[in-house]
Amino acid sequence: MAGAFSSSSETVIQRVVGVAVKTSTPADDLEKFYQIKKTCDFISEHQFEKVALQFPDELLVDSVAVAEEIERNTNAKSYILGDTSYGSCCVDEVAAEHVGADCIVHYGSACLSPSRRLPLLYIFEQRAVDVEKCASSFRELYPDRHSHIIILYDVNYAHAISKFAVTLKSLCDPSNYYVSTQIFVFRSVPSVHRYLPVYIFIFFPPSDGLLALLSPEYPNLVASEIVVEGEQCYSHGQIKRQDDDARLSDQDDGQVIYQFGRQFTLKSSLSVTDCSMFYVGQEGATLRNFMMTWNRCSFCSFDPVTAKGQVESISISRALMKRYYAIERAKDANVVGILVGTLGVADYLSIIEQLKETIKRAGKKSYMFAMGKLNVPKLANFLEIDIFVLIACPESSLLDSRGFLKPVVTPFEMEVACNRKREWSEEYVTDFRHLLPGGQSHVSLADQQDEEDESDVSLITGALRSHNLLSSEPTEPAYGSSVVLRNQTLTVANTNSAGMTVCST
């Protein structure tokens, strides 16, 4: 246990960190992988002068070359954001504002959480995938050709999913055409009445997309598409989703489902639970989020690295029971630490305020912490905290806290523990914005006059616990520890000596 509180200096110096070294991308391939021309057009069109280029760790090897190409083709000054404040999947607006950037270009994997402060362009990797092997694995996993199947995928494989790839080159390629038939159409021309032959040329674009290979065989196949939320978010060639769109809206003959930056349309007679899910990508946070959210659906996946497909055998029921154990720990807790795990995802201040009120109504105390990337030694410094709740993007919120001294739960799990009107059911929410008023999973708090001092028994300790144990204590004054927005940069203010708000980098 002592190792959780401190680290030996010699151990830190001698520690060997396993890092997969990525070789630099050849100069001729930079345009293909990083879409430099599109990036330069985006910068020039909006006349940006300072551009923040955010790279994940595995792509930093190419960052200098990409920045030089952008500066060579535009009048903008480039700044490379290497060590992000939180997860690399989130847009680091705070670091970009430190250099006074006019916009951000985000490279690599992304959680697609909405950002509101700066104009944003996503550039996804175009990772290699054998579409033929993927289609072959799909046929083996789904022998029933009339099954209702939804294709999901990692953003870095979006280029391999689309049905068509129509380019000027393919339009001009005669091999993509063939004469379907020759018919005769009667045309009335002055002084001439005759049948004129008309040749029908049918264009078949290159079938290099997974959907193009499978759609003729699977009539009920639906592919999701990448969407970008927010007026200042741009995504090359992808759909831009408006701020006022509903999470679940109806169209002419179907319903539009939006989740984790993916959007697809189902017939009005179907629901998501009636469909199977096929995921293209490696196992990780994205797949886990989909499986936890749609836990009644069967999942299969194809790993482009190993070129193998499989039925996902992860026991969702067992995973949900582990999360329910954490909820019981949250119910037993008297002091809650709110971990600010993002400064860029939209509405994070709103969910903080809502959580503070929910925790207070449940008779618990809460303290706020902003400490950048989390690790075991950081959280082990605060023995007074019984449980932590992490405010982060959906891909970072499901933290495996087995190695931590105290559990770390999600905002949804904390609401289940503290809001008596929210019950544990098959629904599981990892996107905290769905919990806010107007969200598809929002549940209002019970009125204070209707609250009673109810008691129940802890399923862990067997002790009797009261929901309103601290309700008689005076309310925290307005000058207490709080998060303050100053000059568009989040700072942590602590003016109360009793507060425990911490800020470290």
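This is a predicted model: local features need pLDDT of at least 70, side-chain atom pairs count only at pLDDT 80 or more; totals for chains, interfaces and linings use all residues.
Begin by selecting strands S8, S5, S15, S16 and S17. These five strands form an open sheet in that order, with mixed pairing. Strand S8 (221-223) and strand S17 (308-311) stand at the edges; each has a single partner strand, so one side of each is left without a neighbour in the sheet. From one strand to the next, the twist averages 20°.

Next, display strand S16 (residues 299-303) together with S17. The two run antiparallel and are joined by four bridges. Within this part of the sheet, Asp 303 stands opposite Lys 308 in S17.

Helix H6 lies across S5 (149-153), S8, S15 (276-280), S16 and S17, and runs at about 155° to S16.

**Aromatic rings**

A pair of aromatic rings is described by the distance of the centres and the angle of the planes. The structure contains 17 aromatic pairs. Select Tyr 142 and Phe 278, an edge-to-face pair at 6.2 Å centre to centre with 75° between the planes. Tyr 142 lies in the loop between H6 and S5, whereas Phe 278 belongs to strand S15, so the pair ties together parts that are 136 residues apart in sequence. Are these two residues buried or exposed? Both Tyr 142 and Phe 278 are buried.

**Salt bridges**

The structure holds 13 salt bridges. Select Arg 117 and Glu 93, whose side chains meet in one of them (3.9 Å, N to O). Arg 117 lies in the loop between strand S3 (103-107) and strand S4 (120-123), and Glu 93 in helix H5 (residues 93-98), so the pair ties together parts that are 24 residues apart in sequence. Arg 117 counts as partly exposed at 22% relative accessibility, while Glu 93 counts as buried at 2%.

Finally, return to helix H6 and select Arg 139 with Glu 217. They form a salt bridge, the closest N and O atoms being 2.9 Å apart. Arg 139 is in helix H6 and Glu 217 in the loop between helix H8 (210-214) and S8, 78 residues apart. Arg 139 counts as partly exposed at 26% relative accessibility, and Glu 217 is partly exposed at 25%.

Terms used:
Residues are numbered from 1 along each chain as its sequence is written. Side-chain values use heavy atoms; hydrogens and water are left out. Two strands pair if DSSP finds at least two bridges between them. Axes are lines fitted to C-alpha atoms, for helices over the stretch in contact, and angles run from 0 to 180 degrees between N-to-C directions. Contact means heavy atoms within 4.5 Å. Rings of Phe, Tyr and Trp (its six-membered ring) pair if their centres lie within 6.5 Å; planes under 30 degrees apart count as stacked, over 60 as edge-to-face and the rest as tilted. Buried means under 20% relative accessible area, exposed over 50%, partly exposed in between (1.4 Å probe, protein chains only). A salt bridge is a side-chain nitrogen of Lys or Arg within 4 Å of a carboxyl oxygen of Asp or Glu.
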